[in-house]
Amino acid sequence: MPAFDRTKHYKLRHSIDPVFFDPNVPEQYPPDIELEPVHRDIELYIDIENETASGSVTVTVRARRHGPNEIVFDAVDFLDVSASDTNGSELSWRYDGEKLNVQWPNPFEKGEERRVKITYRVVKPVDGLYFSVPDDEYPDRTLYAATDNETERARHWLPCVDLPTVRTTLDFHLRANERFTILANGILVEENVHHDGTKTAHWKLEQLCPSYLVCFAAGDFIQADDGSFNDGEKEIPLAYFSGPEYSVEELMNTFGRTGKIMAWMTKKLDSPFPYPKYYQISLPKFGGAMENISLVSWGDWAMMDETLNEEIGFWIDQVNVHEMAHSYFGDAVVVRDFAHAWLKESWATYMEQCYCEDIFGSDLEQFVYFDDSQRYFREADEKYMRPIVTRRFKSSWQMYDRHLYPGGACRLRTLRSELGDEVFWGAVQDYLKRYNGKVVETDDFRHVMEEHSGRSLGKFFDQWFHSPGYPDIKVSFKYDSKQKKGAFTVEQKQVDKEKGIPAFELSTDLGWTLNGEEHRVPIKINEAKHVIIVTIPEEPDQVRFDPDHKIHHKLDFNPGGPMLRRQLIEAKDVIGRILAAHELAKSAKRANIEAIVNAYPDEAFWGAKEEFVRALTKANTAAAIEGLVKIIDQEEESKVLVTVFEGAAEFRDRRIRDAIGRRLEGDLPYVARRSAYVAMGAQRRDADWDTLFEDSREFTYKGIAQAGAFRGLGGTRREEAVDILLSQSRYGAHDNRVRPAIVTALADIGQGLEKAKREQVKETLEDLLRDRWEGVRFQAVLGLLKMKSPESIPALEAFGRTVSKQTQVMIERLISSLRDEDKVDGSSIKKQVEELVEKVRKLEDQLQTVAAKVEPAEEDGDQQE
Ligand SMILES: [Zn+2]
């Protein structure tokens with residue numbers, strides 16, 4: 001999956017801290033596979049209107065040694081389950097609602113294969129398989145069924161050993177209404193039309209596939225054919241799909257650069273594409289994007305008309321690169337277990353940086369790298385620091401955080417600097433060839449890197465991947481004009497023996513500029529503090545630490561205003577200019593702030609401009625506000641505008657407010673307009689109420705701007721906004737691409753209300769936990785967290801029981817953070833203790849029920865659309 005927050009997409013997991021250090025959480029290891037599933041034949045009738053899948057999955061099981069006779073499948077809430085051996089051999093089975101245990105009386109011989117056919121039905125599964133069906137409120141909704149399994153959600157519709165180390169080839173025989181398009185992993189063998197108005201599509205995948213990458217989609221889809229890509233060995237057909245509410249043009253805006261990306265990637269990795277086709281499908285309800293083998297699925301947030309393409313197309317391409325990179329890193333070379341998930345996610349994220357470097361040049365590469373490192377630092381500094389590789393997690397889904405995506409990507413970049421391009425890419429290409437179709441752990445990757453480089457990399461991997469923390473570096477510089485020497489003091493501030501955060505061993509350079517000429521001296525660091533003396537004939541114009549960005553680190557280095565102001569304008573590297581802006585802004589001196597404001601219009605690279613705006617926003621001085629007003633008035637680059645308005649939202653200031661107002665009167669692209677509304681709302685009482693109100697009534701492209709107008713209304717904190725938001729949040733009142741924003745706006749405004757109104761907002765959010773749209777339910781969860789509402793814990797617990805295990809772990813964590821908030825107020829705690837006693841009693845009842853039944857629990861109403 002991609003890094004969501006870049007595309008501003010909501011997702012529950014980034015808002016809640018997982019617990020990685022709880023000693024009560026057992027360490028996770030991959031399972032034994034003495035009996036190994038090697039093939040699945042998935043024969044299902046997909047009844048979309050009734051949100052049901054029924055049929056059978058026949059699993060071919062092979063013994064790795066003589067003796068075993070038992071296998072356990074994950075299968076949650078299946079109905080009408082039975083299991084039989086297709087050769088008629090005897091077997092016995094037990095099903096408890098979560099696990100299907102299959103046993104043969106005779107043990108297997110080594111290498112022997114048997115086939116077990118599991119017949120079952122699932123109705124409105126809580127996760128893994130989504131159904132989309134029109135209803136009274138949304139009669140035009142696209143009819144479809146589609147799967148989305150990562151990390152352990154396939155078990156809600158597919159009997160499987162739901163961990164990545166278990167991989168099989170696939171046959172699908174999927175039956176559905178004949179008017180539907182039916183897609184799945186692999187190639188289409190044939191479609192047979194039946195006499196009852198249905199057809200069966202036979203798809204076949206000859207490569208091994210773990211459960212989380214098994215995918216099908218069936219429904220009313222439109223299709224854009226994009227020809228094929230020849231990878232030197234074969235033609236890879238490219239095609240894109242969505243519901244009929246979008247057009248072929250929009251599909252091409254979103255996915256039309258796929259062939260170009262594939263040309264770059266196959267060359268970069270010196271590997272033919274691992275699969276026989278590359279299809280991408282974009283559907284509402286999906287969060288993010290998912291790299292299912294040869295059938296990548298996206299939410300419809302990715303669909304773009306031309307204007308949106310102009311605005312966010314660049315970031316969509318980054319996700320496109322990311323998902324395609326998984327075809328190699330993750331799909332063809334599979335992580336043996338989630339402890340090593342960085343081998344897929346860090347790699348896919350790192351490939352985004354590499355794509356920028358090769359296609360757009362080093363400015364963009366540096367900017368994306370800088371952005372990645374900042375996103376990782378924020379999580380590490382504000383939430384937790386964990387080793388990139390760890391076995392201690394409660395749910396595998398928790399691992400999919402910013403340590404795993406940008407944190408690991410920045411480390412890969414450092415490894416490449418350490419080894420050099422030739423060795424690094426040669427080793428990576430060899431690694432992909434060697435492990436194609438196999439599972440890997442971190443040591444497998446390290447061994448290939450060592451083999452190619454001749455280096456011993458144990459320490460490198462220990463400090464970067466097996467320990468928590470990162471180099472947090474403080475540098476100071478003094479020039480002695482008599483001795484003609486410069487002294488660099490380099491400190492590693494992160495060192496913490498108790499937490500296991502080491503002093504890193506680092507190889508990089510010190511740099512300085514004298515009379516326009518750049519100089520470098522290589523250094524090695526391995527202690528908490530070094531003083532390095534360098535002979536420099538005159539006082540330099542600029543001084544730098546790691547000027548070529550060889551090592552992932554956070555830098556605190558202020559060599560003084562004059563040097564920084566020169567660096568801001570003269571540094572050839574984007575990161576140099578960005579770092580100078582942030583250091584200057586920290587000082588808050590007028591001369592320094594004005595230097596940033598003056599440098600802004602001449603800055604050639606849009607990404608640096610974004611960072612200049614962020615620096616000014618943080619500076620929060622009169623001069624910074626004056627500068628920001630100028631920028632709001634003048635900036636035309638659509639990529640930068642969102643950041644400009646995000647900065648504006650941080651200030652309640654008449655001049656800022658008027659500048660936003662002027663921009664709202666003119667043309668703004670969708671996402672920028674959305675951000676401008678939010679910034680206007682943040683002006684509170686001074687906000688332009690009429691504009692926000694009027695524009696909240698108008699649906700424009702995908703509801704992007706309208707969502708912002710609702711957020712703006714919430715931001716005003718005005719009493720009259722509460723009733724509007726309460727009534728407009730209702731199911732059916734608005735497009736479901738807009739409603740999550742209304743829920744967020746409610747939570748924004750709800751925090752500050754007096755008791756009776758606050759109560760009303762809180763109750764509405766609790767009701768929305770049962771909404772028929774998942775995006776709204778998740779926003780309601782986050783809203784209750786934002787409102788710090790411990791009274792809502794029972795409602796959240798009830799919600800937690802309706803979702804998959806992996807989401808449940810997140811909900812539990814959220815509830816515990818609400819409890820922490822509540823420590824000052826004893827009464828609520830007492831109430832919860834009483835509820836807990838009640839819950840334990842109920843749990844005992846449930847356990848008895850579970851023990852008694854073979855059939856699963858009844859379906860749970862219309863929780864899932
Ligand atoms: Zn990914």
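**Entry 1: the four-stranded sheet.** I looked up the strand order and got E8-E9-E14-E11, an open sheet of four strands with antiparallel pairing. The edges are E8 (129-132) and E11 (181-184), and each of these pairs on one side only. I also noted the twist, which averages 10° from one strand to the next. A reminder to myself before going on: this is a predicted model.

**Entry 2: pairings inside that sheet.** I started with E8 and E9, which are antiparallel and share four bridges. For a landmark on screen I picked leucine 129, which sits opposite threonine 147 in E9. Next I went to E9 (residues 144-147) and E14 (residues 216-219), where I found three bridges, again in the antiparallel sense. Here the landmark is alanine 145, with alanine 218 of E14 opposite.

**Entry 3: the seven-stranded sheet.** This one is also open, and I read its order as E4-E7-E2-E1-E10-E13-E12, with mixed pairing. E4 (79-85) and E12 (187-193) are the edge strands; each has a single partner strand, so one side of each has no neighbour in the sheet. The twist here averages 15° from one strand to the next.

**Entry 4: a hairpin.** I then turned to E5 (residues 92-95) and E6 (residues 99-103), an antiparallel pair joined by four bridges. Serine 92 faces glutamine 103 of E6 across the pair. Three residues lie between the strands of this hairpin, and glycine 97 takes a positive phi near 95°.

**Entry 5: cysteines.** How many disulfides does the structure hold? I got zero, and I wanted to know why, so I went through two of the cysteines with the 2.5 Å sulfur-to-sulfur cut-off in mind.

- For cysteine 160, the closest cysteine sulfur is in cysteine 209, and at 11 Å that is too far for a bond. Cysteine 160 counts as buried because its relative accessibility is 1%.
- For cysteine 209, the closest cysteine sulfur belongs to cysteine 215, at 9.2 Å, which is also too far for a bond. Cysteine 209 is at 0% relative accessibility, so I have it down as buried.

**Entry 6: rings.** I searched the whole structure for aromatic pairs, and the search came back with 48. I then looked for charged side chains over ring faces and wrote down two cases. Arginine 114 lies over the face of phenylalanine 108, 3.9 Å from the ring centre. Lysine 277 lies over the face of tyrosine 279, with 5.1 Å to the ring centre.

Conventions. Residues are numbered from 1 along each chain as its sequence is written. This is a predicted model: local features need pLDDT of at least 70, side-chain atom pairs count only at pLDDT 80 or more; totals for chains, interfaces and linings use all residues. Side-chain values use heavy atoms; hydrogens and water are left out. Rings of Phe, Tyr and Trp (its six-membered ring) pair if their centres lie within 6.5 Å; planes under 30 degrees apart count as stacked, over 60 as edge-to-face and the rest as tilted. A charge sits over a ring if NZ of Lys or CZ of Arg is within 6 Å of the ring centre and within 35 degrees of the ring normal. Buried means under 20% relative accessible area, exposed over 50%, partly exposed in between (1.4 Å probe, protein chains only). Two strands pair if DSSP finds at least two bridges between them. Helices (H or I, at least four residues) and strands (E, at least two) are DSSP runs, numbered from the N terminus. Axes are lines fitted to C-alpha atoms, for helices over the stretch in contact, and angles run from 0 to 180 degrees between N-to-C directions.
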